[in-house]
Every structure is written in C-alpha cells, then in structure tokens.
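Here is a short report on one structure. Take a look at the sequence and the model before reading on.

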Amino acid sequence: MLTKGLPVAAILTPNETERKRRPDDGDSGSGRRPPVDRKPTGGGGDGDNWDNRPAGSRGPRETLTRYRMGIFFALAGDLMFFAVIVCAFFVRQTSGHFDAHNDYIVDWVPIAIPHILWYNTAALLMSSITMEIARRHMFREIDVMEEWLGLGKPSSTRAMPWLIATLVFGLTFVSGQLVAWKQLSLAHHSFSSNPSSKFFYLITGIHGAHLVFGIFALAAAVIGLYAIKKIQARQIVVDCTAWYWHSMGVFWAFLFGLLVFAQ
C-alpha cells in the first residue's frame, strides 16, 4: 500500500487530522483560545445566573424597575394635566371683554395669598426629606442582608418612624390648605368671585386631591411594613410611594410660585 513505510503519526484519516489541528476547549496552551466553562457558576455578583431563570420569571431588580416605569408614566400624564392648567391660567389672565364704550376690560383681579401657604410649603418640603430617608433605609444593604439571614426586619424598623413623620407632614399640609380656603372665604374671595380666585381654588384643589391619594399610599405603605412578609415587596411599595410623593412636592413648588409671583 502507499502508506507502507510512513510514520504512524502521518497515517491519519481526515477527521483525525481535523481533531488534531483544532485544540479542544480544555487546552490553555500558548497562542490558543482560553478554556470556556459552560457550566453556570455561583459567587459574588448581582447578575449571578440571571440568564438561567425560567422563561417569564423576573428578578427583584426587574420587578422594581417595572413598577417604577409605571409610576413615571402615570406622573407624565399628571404633568401634562398640570401644564394645561398653567396654560389656561396665563390665557385667562390676559383675556377680557369689550364694554359698551368699546373699551377692552380685563377682569382679572389678583388676590392676596394666605400666609399659611408658606408654612404648608415648608411642611411639604420636610415631608419629602423624611420620605427619602425612609426610602433609603429600605435599601440599606446591611439591614437587607440581616433580614435575608432571618434576623428580623431591621430595614422596616428603621424606615417606619420616617414614614410616619411623612404621613403627619402630609396631613398637616392638607389641613393647612383647608385653612387657607377658609381664610379666603372670610375675605369674600369665593370660587366665582373673580377669575384669579377661581384658579386659586382650582389649582390648590386638584393638587390637594392628588396629595390625598398620596396620603392613602403612605398609609398603605405603613401597614405594608407590618403585613408584607417579603422584603422585595415592601421595598417596591415604599419606593413607588416615595417617587409619587416627591413628584407632588415638585408640582406644588411650581404651582405655588405661579400663585405667588405670576398673578
């Protein structure tokens, strides 16, 4: 045969030659590909085995992001709603009518803002600070680790006083708004007395309704810290409530500046 006398290493079939030419995965010799470990590994990192979850399952981080996106889309709708009110405010402020002598009359009469609104604004600012402290306590790493180890609910215990303080500040704000309405009524500024007072009641009333909804969310979060067992669910409740509450504070800061400086 033709192969007679050839060294054994040269007598290879094509498949054997290909296997000899291609290094296997475990070979880490010089100039070759490093070994690839295809088995899932554990160990330190937030993304451990995230690609090995069953189809349709979600991790805590993904669930929190999904709820946050829902809150942001809802708040975007609120932002557009308040923007429409502000546009109507400026349009009505400069509009009027012609009288019998063909004179253009502007019937917008600015009203004096009750001083209690300044205290209400300070209370809402303080509530935003306490709300953020409560939210940060829910994500404090050492407390979360202790809870995962079965050492109680340290994150909820630390967040609870700040959450209750936020609830108290929120109730103080709403009560102060009612007092401001009463003061305007005593000063003969009713809803229909002039366009400026109408917009004052409209702006403060709509914002107050949104804040009342936030107070209910705060109360639900306080109850949830006791009733909800999974820390991930408690984090989501407090986090979403915090983002909503901060947004109401930002909206009020803008609306309050509008009432004080733009009349």
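The report covers confidence, then helix packing, then an aromatic pair.

**Confidence**

This is a predicted model. Its chain has a mean pLDDT of 81. Of its residues, 75% reach 70 or more. Confidence is highest in helix α3, at a mean of 96. It is lowest in helix α1 (residues 14–21), at a mean of 47.

Two stretches call for care. Over residues 1–30 the pLDDT is below 50. That stretch has 17 contacts in the model beyond near neighbours in sequence. Residues 34–52 also stay under 50. For residues 34–52 the model has 15 contacts beyond four places in sequence. Where pLDDT is low, the predicted coordinates should not be read in detail.

**Helix packing**

Two packed helices are described by the angle between their axes and the distance between the axes.

| Helix pair | Angle | Axis distance |
|---|---|---|
| α3 (residues 116–138) and α6 (residues 195–227) | about 30 degrees | 13 Å |
| α6 and α7 (residues 231–261) | roughly 160 degrees | within 10 Å |
| α2 and α7 | roughly 15 degrees | within 10 Å |

Start with α3 and α6. They pack at an angle of about 30 degrees. That angle makes α3 roughly parallel to α6, because angles under 35 degrees count as roughly parallel. The crossing of these two helices is left-handed. On the α3 side, the contact is made by Leu117, Leu124, Met131 and Met138. On the α6 side, Phe200, His207, Leu211, Leu218 and Leu225 take part. By class, the residues of this contact divide into 8 nonpolar, 1 polar and no charged.

Next come α6 and α7. Their axes cross at roughly 160 degrees. The two helices are therefore roughly antiparallel to each other, since the angle is over 145. α6 passes α7 in a left-handed crossing. The contact of α6 with α7 has 19 nonpolar, 6 polar and 1 charged residues.

How do α2 and α7 run, and with which handedness do they cross? Their axes cross at roughly 15 degrees. That makes α2 roughly parallel to α7. The crossing of α2 and α7 is right-handed. The residues of their contact divide into 20 nonpolar, 3 polar and 3 charged.

**An aromatic pair**

The count of aromatic pairs comes to 14. One of them joins phenylalanine 89 and phenylalanine 199. What is the geometry of this pair, centre to centre and between the planes? The rings lie 5.7 Å apart, centre to centre, with 90 degrees between the planes. The pair is edge-to-face.

Phenylalanine 89 lies in helix α2 (residues 60–94), and phenylalanine 199 lies in helix α6, so the pair ties together parts that are 110 residues apart in sequence.

Notes: Residues numbered from 1 in each chain as written. Predicted model: local features only at pLDDT ≥ 70, side-chain atom pairs only at ≥ 80, totals over all residues. Heavy atoms only, no water. Axes fitted to C-alpha atoms, helices over the stretch in contact; angles between N-to-C directions. Helix = DSSP H or I, 4+ residues; strand = E, 2+ residues; numbered from the N terminus. Parallel < 35°, antiparallel > 145°, perpendicular 65-115°, else oblique. Left-handed = near helix turned anticlockwise from the far one by under 90°. Contact = heavy atoms within 4.5 Å. Nonpolar A, V, L, I, M, F, W, Y, C, P; charged D, E, K, R; others polar. pLDDT = per-residue confidence, 0-100. Phe/Tyr/Trp six-rings, centres within 6.5 Å; stacked < 30°, edge-to-face > 60°.
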